[in-house]
Structure formats: C-alpha cells, structure tokens
Amino acid sequence: MAPLLPAIVLLALFLAGPIVYSLYGSLTDRAMSGYKAAAPQFVGLDNYAALFSDPAFLRSILLTAVFVFASAIVGQNVLGMVLAVLMRHCARPLSAIVGGIVVVAWALPEIVAAFACYAFFASEGTLNSMLAFIGLTGPKWLLAFPMLSVILANVWRGTAFSMMQYNAALSEVPPEVKESAAIDGASAVQSFFRITLPIIRRSIATNLMLTTLQTLGVFTLIWVMTGGGPGTSSSTLPVLAYQEAFKFSQVGYGTAIATVTLLVGALFSIVYMKLLKPEVD
C-alpha cells in the first residue's frame, strides 16, 4: 500500500479533487460577474431541476446521442475496421500511403483539424469549390446541415485511432484458423463475421469505449465549425455547458450541465466494462 500512496494522492488531487469541486459548483448560483461571482449561494438541486425543464438541454442530450452514435460508435469504428481490413489485403506501398493519409488527421492538433474542417465545409470552402468544378452548387453546409458537418469532421478526425486498434487486433488472429475455415468452404465474408469478429470482440468493445468517451467530450471541433449553431442546432452537452457558463455567465448552471456530461460518460464506461467483464474472467 505504501508504494501506491503517492499515486493515490496525485489522483485525489488532480482527478477526484476537480470532480468534487465541480459537483459542488453545480449546486451553487455562481456567475461570471456581480455579487454572485463574489459570494455564490448554495441552491441545492435547483440547477438540475431547471436543466430537466429546459428544452435546450433536452435537445442537447438528443444531439449528443446522435453525435456520439453516428460519429463514434458507427462512423469511426466501422470505417476504422474497413480500412484496417483493406490495408491488410492490399499492396504494401498502397497500404502505407492510405495509412499515412488517415493518420495525419489524427496527428494534427485538434484546433488545426477544426479549422481545416471549417475551411472544407465553409460556404466558399473546399467542398463547394469541388462541387462547382463539376457544375454543382453546394449548400451552406454549416448552416443547412451543421450536425452532419461536425459528424463527418469527427469521423475524419478520429478514424485513424480505430484503424490502428483494429489493425493490431487483426494481426493477432491465428492464420491457421482462417485457413481451416477456407478448407471447410467458408467464404471470406463468412470467415470475417463468424471467425475474425468473435476472436477480436474484446478489442472491439475496448475501442468502442474509448471512442465513445473521447467523442462525448468533443468541444473544439464543434465550437470552431459551428459555435453550437445555428441557434442551438449543434449544441452538444460540452458546447451548451460552455455557452451557459461563459456566454450567459451562469457558471453554476453550466457546471451542472458539465456534471451531467460526466455522469453520462461514467454510465457508458460501466456498460462497456460490463461487456468486457466476462472476457476478463
């Protein structure tokens, strides 16, 4: 126990401490300025009661669920798996080129990737310029389809992580098992779904957990591209928390939204850990 004490102290100080302070802050009426900033009052669960009667918050929960499901659970994981499989079956030079292109998006600083996506989807950006080149007029993507734009941007940004995870998992599948399946008459598709996926299911569950939690906390990408707008049409929970705390000066209310986001992430973690537990046992 003694050797672990420094690590426990650091975790309590830098991890548990901010969480506890955030939880307390969500129970106050703290503001950015005025007397509520100097002497915030304890208001109990008033902020949470206001949250669940706020249409903007309820809509934000729905938008967050759509964003996480479409861009992480489906987008990044499916595309990452497809790329990993294709890279293992194509020529090595082509595999290296494709892998390098995909990894660049993941290696870029998030703010740089966010501005790159903004430039791509802007009204006079790269996408509409490409459409104009073939005689088509593109819409104002960030105004007409804000959620679709940020979902595609997050898929582009995060797919490399899933691709590398699944590439490593696929390399651990024993080749003799697939050879035996081929001898028994199984097609490549049947072998993939009935043999490969069950063997790497633990890696899939782990990657789903990591990509879900990472996507749940995405802020910079959405804020740079749409600012949560138009209106609140792309305000996920992290964006709404920022808006309430720093744009409308309701720090306690914004902290309550951030606390709910934290609890949602914890819920996802518990679900995924339950899925992984039989494999650990």
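Start by selecting Asn77 and Asn207: their side chains make a polar contact of 2.7 Å. A polar contact is a pair of N or O atoms within 3.5 Å; within protein, one must be able to donate a hydrogen and the other to accept it, and residues adjacent in sequence count only if both atoms are side-chain atoms. Asn77 counts as buried, because its relative accessibility is 6%. Buried means under 20% relative accessible area, exposed over 50%, and partly exposed in between (1.4 Å probe, protein chains only).

A note on what you are looking at: this is a predicted model, in which local features need pLDDT of at least 70, side-chain atom pairs count only at pLDDT 80 or more, and totals for chains, interfaces and linings use all residues. Residues are numbered from 1 along each chain as its sequence is written, and side-chain values use heavy atoms, with hydrogens and water left out.

**The whole chain**

Zoom out and colour by secondary structure. The protein chain has 15 helices and 0 strands. Helices (H or I, at least four residues) and strands (E, at least two) are DSSP runs, numbered from the N terminus. Taken along the principal axes, the C-alpha atoms of the protein chain fill a box of roughly 75 × 65 × 35 Å. Of its 281 residues, 38% count as buried.

**Helix H4**

Return to Asn77, which has its place in helix H4, and select residues 55-89 to see that helix. How far apart are the end C-alpha atoms of H4? They are 49 Å apart, which agrees with the 51 Å that 35 residues should span at 1.5 Å a residue. The expected span is 1.5 Å times one less than the number of residues.

At the start of H4, select Asp54 and Ala56: a side-chain oxygen of Asp54 reaches to within 3.0 Å of the backbone nitrogen of Ala56. Then move to Gly75, where a kink of about 35 degrees in H4 is centred. The bend at a residue is the angle between axes fitted to the seven residues ending there and the seven starting there.

**Across to helix H9**

Select Gly158, which lies in helix H9. Gly158 is buried, with a relative accessible area of 9%.

Next, select Phe121 in helix H6 (residues 110-121). Phe121 also counts as buried, at 6% relative accessibility. Phe121 and Gly158 are 37 residues apart in sequence and 17 Å apart in space, C-alpha to C-alpha.

**The largest pocket**

Select Val85, Leu170, Ala188, Phe192 and Thr196, which lie nearest the centre of the largest pocket among its 20 lining residues. H4, helix H9 (146-171), helix H11 (188-199) and helix H12 (201-216) each give two or more residues to the lining. On a 1 Å grid over the protein atoms alone, a pocket is an open set of points where a 1.4 Å probe fits, with protein on both sides within 12 Å along at least five of seven lines; lining residues have an atom within 4 Å of a point.

Go to Pro230, in the loop between helix H13 (220-225) and helix H14 (237-247). The peptide bond from Gly229 to Pro230 is cis, with omega near 0 degrees.

Then select Ser249, in the loop between H14 and helix H15 (251-280). Phi of Ser249 is near 65 degrees, a positive value in a residue other than glycine. Ser249 counts as partly exposed, at 21% relative accessibility.

Finish with Ile257 in helix H15. Ile257 counts as buried, at 0% relative accessibility.
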